[in-house]
Amino acid sequence: MDRTFLMVKPDGVQRGLIGRIISRLEDKGFKLTAAKLVQVTREQAERHYEEHKGKPFFENLVNFITSGPVLAMVWEGDDIITLSRTLIGKTSVTEALPGTIRGDFAAHTPFNLIHGSDSPQSADREIANFFGPEEEVQYDKSVAAWI
Ligand code: YYY
Ligand code: MG
């Protein structure tokens with residue numbers, strides 16, 4: 001079972017899209033193992049986006065992600081990193097296809113609603129930036145064999 005860090009960004013929280021975004025992840029059959037509403041600090045945001053440090057959009061991105069609460073989550077599933085990024089859609093709102101979260105709900109970059117880790121290494125690092133090990137809940141879902 002693979003795990004990933006998914007985060008509803010401040011625009012998703014403000015627009016009341018938490019429920020609909022979570023529904024898509026549940027519909028796909030992924031398993032939620034941790035979730036909390038967080039006001040991200042500047043230091044935490046800079047750690048989260050450390051691979052983008054120095055890029056022209058970095059400052060704007062950190063300002064955006066710290067502008068209101070986010071819903072930080074850990075989800076599990078086979079191949080979840082690739083599968084969740086497919087559900088999320090392309091980074092640029094002009095390229096995100098209908099049927100994806102960004103394609104259906106986002107109209108301006110960087111207001112693209114949700115973050116998803118891009119590799120197992122990123123997932124480990126991003127999860128550790130938001131959660132302690134005791135915050136991840138291990139449990140079985142009885143439908144797992146059918147997904
Ligand atoms: O992983 P993902 O969120 O799809 O994109 P990244 O390339 O990691 O960029 C992180 C974040 O930065 C993106 O969601 C929007 C913003 N951004 C931007 O504002 N302008 C860009 N040219 C590239 C990314
Ligand atoms: Mg990324």
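This is a predicted model: local features need pLDDT of at least 70, side-chain atom pairs count only at pLDDT 80 or more; totals for chains, interfaces and linings use all residues.
**Close-up views of pockets and cores**

**View 1. The second largest pocket and its lining.** By class, the residues that line the second largest pocket comprise five nonpolar, two polar and five charged ones.

**View 2. The largest pocket and the residues about its centre.** The largest pocket holds about 430 Å³ of space, and of the 20 residues that line it, Tyr49, His52, Thr91, Arg102 and Asn112 are the closest to its centre. Its lining divides into five nonpolar, eight polar and seven charged residues, with at least two residues supplied by each of α4 (58-65), α5 and β4 (114-116).

**View 3. The largest nonpolar core.** This core has 22 residues, and those with the most contacts inside it are Ile21, Leu25, Met73, Trp75 and Leu113. Two or more residues are given to the core by each of β1 (2-8), α2 (18-28), β3 (70-77), α5 (80-88) and α6 (101-105), and the largest share, four residues, comes from α5.

View 4. When neighbours within four places in sequence are left aside, Ile21 is in contact with Val8, Ile101, Leu113 and Ile114.

Key. Residues are numbered from 1 along each chain as its sequence is written. Chains are lettered from A and ligands numbered from 1 in the order in which they are written. Side-chain values use heavy atoms; hydrogens and water are left out. A nonpolar core is a set of buried Ala, Val, Leu, Ile, Met, Phe, Trp, Tyr and Cys residues joined through side-chain atoms within 4.5 Å. Buried means under 20% relative accessible area, exposed over 50%, partly exposed in between (1.4 Å probe, protein chains only). Contact means heavy atoms within 4.5 Å. On a 1 Å grid over the protein atoms alone, a cavity is a set of points where a 1.4 Å probe fits but cannot get out, and a pocket is an open set with protein on both sides within 12 Å along at least five of seven lines; lining residues have an atom within 4 Å of a point. Grid points are joined across faces, edges and corners, and a volume is the space filled by probe spheres set on the points. Ala, Val, Leu, Ile, Met, Phe, Trp, Tyr, Cys and Pro count as nonpolar, Asp, Glu, Lys and Arg as charged, and the others, Gly among them, as polar.
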